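Please look over the sequence and the structure shown here before reading on. The report below goes from the chain as a whole to particular helices, loops and residues.

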Amino acid sequence: MVTSFNVPRLVIAAPSSGSGKTTVATGLMAAFSERGLAVSPHKAGPDYIDPGYHALATGRPGRNLDAFMCGPELVAPLFAHGAAGCDLALVEGVMGLYDGAAGRGELASTAQVAKLLRAPVVLVVDASSQSRSVAALVHGFASFDPQVRLGGVILNKVGSDRHEVMLREALEEAGMPVLGVLRRAPQVATPSRHLGLVPVAERHTDALASVSALAAQVRAGCDLDALMALARTAPPLDCEAWSPATALTHGRDRASAPPAFGAPGSRGSAPGNGAAPADLTGALGGPPVVAVAGGAAFTFSYAEHTELLTAAGAEVVTYDPLRDEALPPGTTGLVIGGGFPEMYAPELSANEPLRAAVAAFAAAGGPVAAECAGLLYLGRSLDGKPMCGVLDADARMSDRLTLGYREAVAVSDSALARAGTRLRGHEFHRTVIEPGAGAAPAWGFTHPERRVEGFVQQGVHASYLHTHWAAEPSVARRFTEAAAARR
């Protein structure tokens, strides 16, 4: 059922990466939350780290809006799901305003998300090395796509009062409102490393202080009333809010005959055939327990994954591979997502009881869904440190960044996907694992390059590919049914 959904909203964009989008977006989220508003935080694109800071600023889950992985048709419904009942929604963009999936035009760009949400855009401009030229820059961004409504500018890294005057005069001449001016403030900077910002889970106390400082900086430099007024100009959205229960009943099951990748195809069968969710409690007296890895080493997760597992009938519990020496009681399924195991290899290796428990669970055929960090954890070793030994593969840090969207098809039947299931995903890592694929690979990539990747063995599905299960809810249902079968 299509309904009219309305919430004040803004998209926080920039001409390029490094302009200060995360600083401004997080500061605005915190500043508006301090006013007593319920703020819904969102991030365009696949990034896992920025939403952690958004969640810290708002007290609500940071949610991703990725038009490549989920399809443009799901952007507004997923937004409405996250923003339901809120007073304001703020969407942090990705890269530059018009940058998207390589070779795909506007697909997955901040501009496309803004158009799909019918949201006004606020452009964050790094003004540190310009004065009157800022007007030409902003004019170009405002006029490039007439369907993108640029409602104002926040000037970042302004050097002095005189600098601010020159910038304001130039933008006034161009007819563009200045909604905020932020001075250089290195004390508010958030530390970064090889894959971006350091996640909140690794520096929670310091992150709280950073978010508080960002809120203070934004309060002092931005016109919050004018920004809220701009947000209220967003018209209603005609869409049905996404829900995990409805998605499981009516969601897509994008499977076809597996293509010939020169590797084994279907290897047996697993539950899940596109039907409505079954009652998984039955006479067994309780839902299947799906344990999800968390803690500082495994911070990458989309909120919708847990919601889909729960809606499919699972009891979702969290455990920390750095601290917990046993899997949660009654565990019948394991989800080990992304993160930074390379930063914690000695500690993960030292937790021998849990490594043994994971290995025993996998050896017994328990369903395991592992992405990126989870793949490394299941291998024999990571940078020479022993890991779980589930997979006959060794991983190490590399100088090469592997980054980009992928189109993939499941090559082998697994607890996560039946052979032929098509998904779009994202790779983002500075590690390599050798070999890169097992005898039964997890995925065959069809774009931008053709290769097989990952491992399927017994109940294990392990791969570098990050996926968003809202795009294909059948994987959550299938995995939950596989977990229920282990009781």
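## The chain as a whole

Contact, as the word is used in this report, means heavy atoms within 4.5 Å. In this predicted model, among the contacts in the chain that join residues at least 6 apart in sequence, 78% are between residues at least 24 apart. The chain has 487 residues, of which buried residues make up 57%, and its secondary structure comprises 14 helices and 24 strands.

## Confidence of the prediction

The mean pLDDT of the chain is 91, and 89% of the residues reach 70 or more. Residues 262-276 have a pLDDT that stays under 50, and for this stretch the model has 36 contacts beyond four places in sequence. Where pLDDT is low, the predicted coordinates should not be read in detail.

## Two helix pairs

Helix α5, made of residues 133-144, and helix α6, made of residues 161-173, have axes that come within 8 Å and cross at roughly 45°. The two helices, α5 and α6, are therefore oblique to each other, and the crossing in which α5 passes α6 is right-handed. On the side of α5 the contact is made by Val134, Ala135 and Val138, and on the side of α6 by Leu167, Ala170 and Leu171. Sorted by class, the contact of α5 with α6 has six nonpolar residues, with no polar and no charged ones.

Helix α1 (residues 21-34) packs with helix α8 (residues 224-231) at an angle of about 95°, and their axes are 12 Å apart. That angle makes α1 roughly perpendicular to α8. Where they meet, α1 brings Leu28, Ala31 and Phe32, while α8 brings Leu224, Leu227 and Met228. By class, the contact of α1 with α8 has six nonpolar residues, no polar ones and no charged ones.

## An enclosed helix

How many of the eight residues of helix α4 are buried? In this helix, which spans residues 110-117, six of the eight are buried, so α4 is largely enclosed by the rest of the structure. The buried residues of α4 are Thr110, Ala111, Gln112, Val113, Ala114 and Leu117. Just after α4 comes Arg118, which takes a positive phi of about 55°.

## A buried phenylalanine

Phe479 lies in helix α14, which covers residues 474-484, and with a relative accessible area of 1% Phe479 is buried. Which residues does Phe479 touch, not counting residues up to four places away in sequence? They are Val290, Leu309, Gly333, Leu334, Val335, Pro367, Val368, Ala369, Ala415 and Leu416. One of these, Ala369, is 110 residues from Phe479 along the chain, and the C-alpha atoms of Phe479 and Ala369 are separated by 8.1 Å.

## Prolines in two loops

Most residues other than glycine have a negative phi, and most peptide bonds are trans. The peptide bond from Glu434 to Pro435, however, is cis, with omega near -5°, and Pro435 has its place in the loop between β19 and β20. The peptide bond from His447 to Pro448 is also cis, with omega near 5°, and Pro448 is found in the loop between β20 and β21, the latter strand being residues 451-453.

Pro441 is found in the loop between β19 (422-434) and β20 (443-447). Pro441 is buried, with a relative accessible area of 1%. Along the chain Pro441 and Val452 are 11 residues apart, and their C-alpha atoms are separated by 6.2 Å.

## Positive phi in two further loops

Cys372 is not a glycine, yet Cys372 has a positive phi of about 55°. Its position is in the loop between β15 (368-371) and α13 (373-378). Is Cys372 buried or exposed? Cys372 has a relative accessible area of 5%, and since buried means under 20%, Cys372 is buried.

Gln458, a residue other than glycine, likewise has a positive phi, near 50°, and Gln458 is found in the loop between β22 (455-457) and β23 (460-463). At 58% relative accessibility, Gln458 counts as exposed, because the cut-off for exposed is over 50%.

Definitions and conventions: Residues are numbered from 1 along each chain as its sequence is written. This is a predicted model: local features need pLDDT of at least 70, side-chain atom pairs count only at pLDDT 80 or more; totals for chains, interfaces and linings use all residues. Side-chain values use heavy atoms; hydrogens and water are left out. Axes are lines fitted to C-alpha atoms, for helices over the stretch in contact, and angles run from 0 to 180 degrees between N-to-C directions. Helices (H or I, at least four residues) and strands (E, at least two) are DSSP runs, numbered from the N terminus. Angles under 35 degrees count as roughly parallel, over 145 as roughly antiparallel, 65 to 115 as roughly perpendicular and the rest as oblique. A crossing is left-handed if the near helix is turned anticlockwise from the far one by less than a right angle, and right-handed if clockwise. Ala, Val, Leu, Ile, Met, Phe, Trp, Tyr, Cys and Pro count as nonpolar, Asp, Glu, Lys and Arg as charged, and the others, Gly among them, as polar. pLDDT is the predictor's confidence in each residue, from 0 to 100. Buried means under 20% relative accessible area, exposed over 50%, partly exposed in between (1.4 Å probe, protein chains only).
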